[in-house]
Number of protein chains: 2
Amino acid sequence: MRRIRLIVAYDGTGYCGWQIQDNAVTVEGELTKALCTWLQEEVEVIGASRTDSGVHALGNIAVFDTESRIPAEKFAIGINHYLPADIRVQRSDEVEADYHPRYRKTEKTYEYTILNTKIAIPVYDRYAYHIYHALDVSMMRKAGELLIGEHDFSAFCSAGSQVKSKVRTVYEVTVQEEPVPGCNGGSRICIRVRGNGFLYNMVRIIAGTLLEVGQGRRTLQDVEEALASGERKKAGPTAPPQGLTLMEIREE
Amino acid sequence: MRRIRLIVAYDGTGYCGWQIQDNAVTVEGELTKALCTWLQEEVEVIGASRTDSGVHALGNIAVFDTESRIPAEKFAIGINHYLPADIRVQRSDEVEADYHPRYRKTEKTYEYTILNTKIAIPVYDRYAYHIYHALDVSMMRKAGELLIGEHDFSAFCSAGSQVKSKVRTVYEVTVQEEPVPGCNGGSRICIRVRGNGFLYNMVRIIAGTLLEVGQGRRTLQDVEEALASGERKKAGPTAPPQGLTLMEIREE
């Protein structure tokens, strides 16, 4: 038996998230189905990041065990023939038999994209959250900096999480702004968050909180208090999923 | 009677192009239907650029005549309530009664986007053309420079065009390359073309020709000869529509 690791990219628009479910189309479900069909084995897929419904990925990680003797790097090309076009495995290799993508030291990078224009621009709808109100990006940057470091992120975690410790280390929260190309005016804002792990909806709650700061509805002190209190209701709303992309999982 | 000008953005994926047709969903058709429903008038829409099926726009121009007394700048907001989400009017104003968006001196800017990676990345599929072969961007730039200036672009025009003169002036053909964010490797290449007018499929044939040069299948001399010959078969193939976006129409 060999354990194969896949780097998986997908457009999450059409999926009820990563995790396999009965009666719902999920990324893990499609991967499992494709592998079982191709390899003619019972295959179980384990993912590193169980992204939510509508969230995208450039580099999620999945592993599975197989009896197949196909060279490890060939799995990426082979499985893509069995997958829908909105899921594409980028690379594959062989890992140790006890490698588990969720029980490892990793650094994950997410990006949350906002289109800040007077009127929505359709070619951005699928991968960005449209905000009409002008955003104060320098205040958003300051709010982001308050979250860097090791903290108990309970206030930035949706109900339903079953993890014991809500302490995580965030290495980076940066806010980049660039003008929208063309003639429409406005800007495209990208919140980049990098850390050693994330709680349920944590990046979307960080984005929702920074967006309130950017609109002047929440102060930097409010953000500090939310973090210190550990109370979910003191942080901002969960920003919608289509703006979020899991960019990379880096393993130590 | 007043003539109102609209700046129109759309995701062309779901449309059989701009131009109104029986039994096909088009951008002009949707605009006409929305205006007739909203204003309760018979409205005829005239567009500046009759983009092809699957081509996107950030700033196409449309005009229509109306008896309505709604302030000119309010049409943009009002009509959006009657349009599908993949069409959004960005701005509106009033123009002279004899203003015709196709019989004016304008400068149009198009961008053609290529994803140059080993394996397709789903979040790019809708707005880029995936090319597996590594592209020589510096050669593409040189090929693009050959097209700048006033030329007879007959070789870069698909059959079916009814225009008399195929002489156009191209002001800019630039090729920008940036790394794909995340962990996948490869690059995103953008061919930007700006000119005083474009023939049927001209930008897509320019993109197709530059892509052949980038893959070493066509030399700079081939491009010069195609331009000089005026023969369509001597230029490259018509690149697929989803990579193309009409960025801006600037009026003098």
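A crossing of two helices is right-handed if the near helix is turned clockwise from the far one by less than a right angle, and left-handed if anticlockwise. In this predicted model, the crossing of α3(B) and α5(B) is right-handed. The crossing of α3(A) and α4(A) is right-handed as well.

| Helix pair | Residues | Angle | Axes apart |
|---|---|---|---|
| α3(B) and α5(B) | 137–146 and 220–229 | about 20 degrees | 10 Å |
| α3(A) and α4(A) | 137–146 and 202–214 | about 140 degrees | 8 Å |

**Chain B pair.** Helices α3(B) and α5(B) pack at an angle of about 20 degrees. Angles under 35 degrees count as roughly parallel, so α3(B) is roughly parallel to α5(B). On the α3(B) side the contact involves M139(B), K142(B), A143(B) and L146(B), which meet L220(B), V223(B), E224(B) and L227(B) of α5(B). By class, this contact has six nonpolar residues, two charged and no polar ones.

**Chain A pair.** The angle between α3(A) and α4(A) is about 140 degrees, which makes α3(A) oblique to α4(A). Here M139(A), M140(A), A143(A) and G144(A) in α3(A) meet L210(A), L211(A), V213(A) and G214(A) in α4(A). Six nonpolar and two polar residues make up this contact, with no charged residues.

**Interface of the chains.** In chain A, 31 residues are in contact with 31 residues of chain B. The size of an interface is often given as the accessible area lost when the parts come together. Between chain A and chain B the buried area is about 2,400 Å², and carbon and sulfur atoms give 65% of it.

Note on methods:
Residues are numbered from 1 along each chain as its sequence is written. Chains are lettered from A and ligands numbered from 1 in the order in which they are written. This is a predicted model: local features need pLDDT of at least 70, side-chain atom pairs count only at pLDDT 80 or more; totals for chains, interfaces and linings use all residues. Side-chain values use heavy atoms; hydrogens and water are left out. Axes are lines fitted to C-alpha atoms, for helices over the stretch in contact, and angles run from 0 to 180 degrees between N-to-C directions. Helices (H or I, at least four residues) and strands (E, at least two) are DSSP runs, numbered from the N terminus. Angles under 35 degrees count as roughly parallel, over 145 as roughly antiparallel, 65 to 115 as roughly perpendicular and the rest as oblique. Contact means heavy atoms within 4.5 Å. Ala, Val, Leu, Ile, Met, Phe, Trp, Tyr, Cys and Pro count as nonpolar, Asp, Glu, Lys and Arg as charged, and the others, Gly among them, as polar. Buried area is the accessible area (1.4 Å probe) that two parts lose on being put together, summed over both.
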